[in-house]
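Please read these notes with the model open.

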Amino acid sequence: MADGQRITYAGKGLKTPGHAPGDLIVIVNRVDYPFFKQLRSGHLQCEVEVDHKMAQGGGDVCIRHPSGNIISLELLPGEIPSPGHQKILAKMGQASSDKKQAGDLYVKFTIYFPHANVTI
């Protein structure tokens, strides 16, 4: 939904004696979800940090979608070749207002390399 969009529910507003009920008007104030960035056409992007062992050997990553659902993403060994690599999850982005289609979810990976405690 767009910020400032108005939704009218006819006859669902205040009821007063002797008068027909008014309309209920809802105005949407969109709040950005801090983990997700909205792209064009309902596409979403998020950034996930994995350690170097998972980047090399694979594993499972769980992401909480703005809908509240948990997305489990299986990473195959060597699937993340370098930091900034993206995986695209088709139709896992934001649903359209008519719920007939959804954008894609772009998962961008950063790789965490622990600092070595080495004295030279």
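1. Strands are DSSP runs of E, at least two residues, numbered from the N terminus. Lys 87 sits in one of them, strand E7 (residues 86–89). This is a predicted model: local features need pLDDT of at least 70, side-chain atom pairs count only at pLDDT 80 or more, and totals for chains, interfaces and linings use all residues. Residues are numbered from 1 along each chain as its sequence is written, and side-chain values use heavy atoms, without hydrogens or water.

2. The side chains of Lys 87 and Glu 79 form a polar contact of 2.7 Å. (A polar contact is an N or O pair within 3.5 Å; within protein, one atom must be able to donate a hydrogen and the other to accept it, and residues adjacent in sequence count only if both atoms are side-chain atoms.) The Lys 87 side chain also reaches the backbone oxygen of Glu 74, at 3.3 Å.

3. Asp 104 lies in the loop between E7 and strand E8 (105–112). Asp 104 is buried but has no salt bridge. Buried means under 20% relative accessible area, exposed over 50%, partly exposed in between (1.4 Å probe, protein chains only). A salt bridge needs a side-chain nitrogen of Lys or Arg within 4 Å of a carboxyl oxygen of Asp or Glu. For Asp 104, the nearest side chain of opposite charge is Lys 91, 6.0 Å away.

4. Val 26 belongs to strand E2 (residues 24–27). Its relative accessibility is 33%, so Val 26 counts as partly exposed.

How values were computed. Helices (H or I, at least four residues) and strands (E, at least two) are DSSP runs, numbered from the N terminus. Lys and Arg count as positive and Asp and Glu as negative; His and the chain ends are not counted.
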